[in-house]
Amino acid sequence: MAEYLIKNGFVFDPVLGIKGDKADIAIKDGKIVETTAVKNPKIIDATGKTVMAGGVDIHAHVAGPKVNIGRNFRPEDKLFGYKAGKGIERMQGGFSVPTTIRTGYNYARMGYTTVMEAAMPPLYARHTHEEMQATPILDQGAYPVFGNNWFVLEYLKNHEIENAAAYIAWLLRATKGYAVKVVNPGGTEAWAWGLNCDNVHDPVPYFDITPAQIIKGLIEANEYLGLPHSMHMHANNLGNPGNYTTTLDSFKLSEGIKPNSKFGRDQVMHHTHVQFHSYGGDSWANVESKAKDIMGYVNSHDNITIDMGQVTLDETTTMTADGPFEHHLTELNHLKWANADVELETGSGVVPYIYSPNIKVCGIQWAIGLELALLAKDSMRVFMTTDHPNAGPFIRYPRIMKWLMSTEAREQQFDAFKYKDKVIDATNLAGIDRELDLFEIAQMTRAGPAKSLGLAHMYGGLAPGLEGDVAIFDFNPNEPYAPDDIEKAFGGAEHLFKTGVQIISDHEIVSNGNKRTLWVNAKVNDNPQVMRDVKEKFLRYYTVTLNNYEVSGHHYVPNPYVIEVDATQ
Amino acid sequence: METVTLTIKDQPGLFLEADTITPDAVAGKKTEEITALPVYVGREEHRLGDYFEVSGKAGATPAETKIVVNGDLSRVKYIGMKMTAGEVVVNSNADMYVGAWMQGGKITVNGNVDAFAGTGMKGGEITIKGNAGNYLGAAYRGDWRGMQAGKITVTGNAGSDLGTFMNGGEIVVGGDVDVHVGTHAEGGKIVIKGNAKRRLGGQMVEGEIYVFGDIDLMMPGFVYREDVDIEVDGTKGRFALYEGDLGERHRKRKGQMIYGKLYQQIRA
């Protein structure tokens, strides 16, 4: 493989602790190496430019059945956005629910090289993998959803952690999944009965288990297995005024549990899109930010990581396994609604949504997301996401950087709100003058998420031995710049390397890369009871047989990267 | 106002997608530049001049520009798409999407138009001297934003799915219409001077539909309220007022529920 030496760039790397100093970065055989290890490298002149590791997205909805429902039922989303294929680039379309091809290219253009699909319904894992393999360049993994799964509900009702863990290990292998995802624990199953779970003690109908038992049980099972990532959580009561108490109650369930993982993470719970979970008040008329309470907790408890779920003020497509929430949303905005029940496992809904700067609540949501990042004491534990496409499309990450790095940019946005004063009254953002620097941005978008995922040995930094994922941006942090320069520079990487292959050269995509699918193979002791339960449930309830369920073989995962975990004891 | 005349000289093998036939695209341009504007046949890009003879002169701004299009345009789509000002005169039949997402100005078609004319229209005026196809003033497939403002006048008949998801503006049809009128409408005014068939106002939330002739079958979601004497588009008469769609959500104004209104003329 070609050798590269990226010379004289301003490097921002939390792993090496470099905060904008000039440094050279060398790539050889797909990995970062010492600069002395390259003999005849191709030189990339990064003088006056910013160099960072490839970005890592810990939570986005980019592949699978609900993304595809979004694509199918929103032809208007791709009406005017088509781009014909040209050279190496294939045809691209779509805005909030882009084609897989555009997904890969647009992440690459922002300097991202690893993206995790945040919710895979196990029954449709095959579809999810087919879409991921059709997404070029990026290394990807997918989180199967467990929080409303009948096996999980039955095992955890009796606190059978070992059985739950054996089932998780089996399902991760069957679906080629990466982590344990929980969406509205118990609430989506309750939705199949026309109900919901509004707080952590609200019992699930029929199963007679509470969300608190599910959450705590799944954290314990996750740590029993010692998986690379922690339990990945979307709590109950998303998107409702006054829900911050439910969020804090959910956080507290992680107290006293220590991480058991050889993969270097410190947290036992990652809570996603916390913006949607940080609302005070008791109606949309008096909804207000509770980001201070939420961040007060997060800052003082280092066994939790979170991501933002930043509202970007766009027209977008919401999609979640939180079925009851999507019904709530369509009742609010009267736009079209898709709903799906996934047999014994989960459900989902899809509704278009317009986050308008002319609506007070949208302005408040925008402010809350930024507050989370700006109130963070440790940017290694608070990550940039838009819960793509729920709070906005991922292509807005550079715009979020602008808002985080510039009070001027935030003031411009405040001025563009129709109800500026009401938004300011209901939030803390106007009183926050913190401006993040590129080192902190690198923590939020690279080193932090990589560590939380248990992938710090591969991604998130520029230390020798890590994957050769490097982005070079046409941005000189030592020269004066306008806020919009940030958005422009980080929206179009000048060069990008993925696993040592040059993907972008002079802002042009020059390779479709060699994408890999990450999955976790957790070995556990033989568990005849769980295997009997699996067989029985498939015979009695599933519409497919086990043979038509498992993701296996070259067709679904042509280029796997398996992370082995030994949980036999 | 300056006039550019486009005369079709070569019929496309498939269909010609010519959203550059707008005052916005040609304003301020020289003839050579207009000739070089892109048009599409399937996935291939061509020049406007490959299919049209270009003559005349464009105005400095769209508002000062008039385009006259001559020859058989029944295989040309998107004429006047997204135009904001000025005028387009089509001396022929035209294919789909005439004046789609139009924001201002005026389009006159001296012939028939195919489906989706005035889709998502936000302003301006479309006059069709012949018949209109399906989805006149409707929303694009999947979209909930149909015609929002402006006026469409059809001398002849219109097809099915007229004014689907219409939110504002006015459509006047001189002749008859096919099934599905004002489906999902949340505003706007539809006047049908001939006969209608069935499924008028299905899932209608707000807005007005006037029918001068017969209605084959009334939706079960509409109820008769009263007879009213009104004037509609210059015609005075007595109309039976129905309200619906009762199966849909409706907002309240001063404690009163606001329904979609369907007026049918009562003839002696």
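This is a predicted model: local features need pLDDT of at least 70, side-chain atom pairs count only at pLDDT 80 or more; totals for chains, interfaces and linings use all residues.

Colleague: Let's start with a helix pair. Why are α4(A) and α5(A) called roughly antiparallel?

Modeller: Helix α4 covers residues 150-157 of chain A and α5 covers residues 161-175, and their axes cross at roughly 160°. The label applies to angles over 145 degrees, so α4(A) and α5(A) count as roughly antiparallel to each other. Their axes come within 8 Å, and the crossing is left-handed.

Colleague: Which residues make that contact?

Modeller: On the α4(A) side you have A:F151, A:V152, A:Y155 and A:L156, and on the α5(A) side A:N163, A:A164 and A:Y167. By class that gives 6 nonpolar, 1 polar and no charged residues.

Colleague: And what makes α4(A) and α7(A) roughly perpendicular?

Modeller: They pack at an angle of about 90°, with the axes 10 Å apart. Roughly perpendicular spans 65 to 115 degrees, so α4(A) and α7(A) get that name. Here A:V152, A:L153, A:L156 and A:K157 of α4(A) meet A:Q213, A:I214, A:G217 and A:L218 of α7(A). The classes are 5 nonpolar, 2 polar and 1 charged.

Colleague: Where do A:V152 and A:L218 turn up again?

Modeller: In the largest nonpolar core, which has 177 residues. A:V152 and A:L218 are among the members that touch the most others, and so are A:A165, A:I168, A:L372, A:L404 and A:V470. Helix α11 of chain A, residues 360-374, gives the most to this core, with 10 residues. There's also a second, separate core of 75 residues, including B:M81, B:F165, B:V177 and B:I190.

Colleague: What does A:V470 touch?

Modeller: Leaving out residues up to four places away in sequence, A:V470 touches A:I6, A:I25, A:I27, A:V51, A:A53, A:G54, A:L462 and A:F497.

Colleague: Why is helix α12(A) described as largely enclosed?

Modeller: Because 8 of its 9 residues are buried. They are A:Y397, A:R399, A:I400, A:M401, A:K402, A:W403, A:L404 and A:M405. The cover over them includes α11, α13, α15 and α16 of chain A. Seen from the α16(A) side, the buried residues are A:P483, A:I486, A:E487, A:A489 and A:F490, and they pack against α12, α13 and β19 of chain A.

Colleague: How do you know whether A:Y206 is buried or exposed?

Modeller: Count C-beta atoms: A:Y206 has 12 others within 10 Å. Exposed means 12 or fewer, so A:Y206 is exposed. This residue lies in the loop between α6 and α7 of chain A, and its phi is positive, about 70°, although A:Y206 is not a glycine.

Colleague: B:Y135 has a positive phi too, near 60°. What makes B:Y135 count as buried?

Modeller: B:Y135 has 27 C-beta neighbours inside 10 Å. You'll find B:Y135 in the loop between β10 and β11 of chain B.

Colleague: And A:A567, why is that one called partly exposed?

Modeller: The count for A:A567 is 18 inside 10 Å. Buried needs 20 or more and exposed needs 12 or fewer, so A:A567 counts as partly exposed. A:A567 sits in the segment after β24 of chain A. Apart from sequence neighbours within four places, its contacts are A:A165, A:A169, A:Y224, A:L225, A:G226, A:A522, A:K523 and A:V524.

Colleague: Where are the cis peptide bonds you flagged?

Modeller: One runs from A:H388 to A:P389, with omega near -5°. A:P389 is in the loop between β18 and α12 of chain A. Another joins B:G244 and B:D245, with omega about -15°, and B:D245 is in the loop between β18 and β19 of chain B.

Colleague: Last one: how many residues of chain A are in contact with chain B?

Modeller: 9 residues of chain A, and they're in contact with 7 residues of chain B. The chain A side has 5 nonpolar, 1 polar and 3 charged residues.

How values were computed. Residues are numbered from 1 along each chain as its sequence is written. Chains are lettered from A and ligands numbered from 1 in the order in which they are written. A nonpolar core is a set of buried Ala, Val, Leu, Ile, Met, Phe, Trp, Tyr and Cys residues joined through C-beta atoms within 7 Å. Helices (H or I, at least four residues) and strands (E, at least two) are DSSP runs, numbered from the N terminus. Two residues are in contact if their C-beta atoms, placed from the backbone, lie within 7 Å. Axes are lines fitted to C-alpha atoms, for helices over the stretch in contact, and angles run from 0 to 180 degrees between N-to-C directions. Angles under 35 degrees count as roughly parallel, over 145 as roughly antiparallel, 65 to 115 as roughly perpendicular and the rest as oblique. A crossing is left-handed if the near helix is turned anticlockwise from the far one by less than a right angle, and right-handed if clockwise. Ala, Val, Leu, Ile, Met, Phe, Trp, Tyr, Cys and Pro count as nonpolar, Asp, Glu, Lys and Arg as charged, and the others, Gly among them, as polar.
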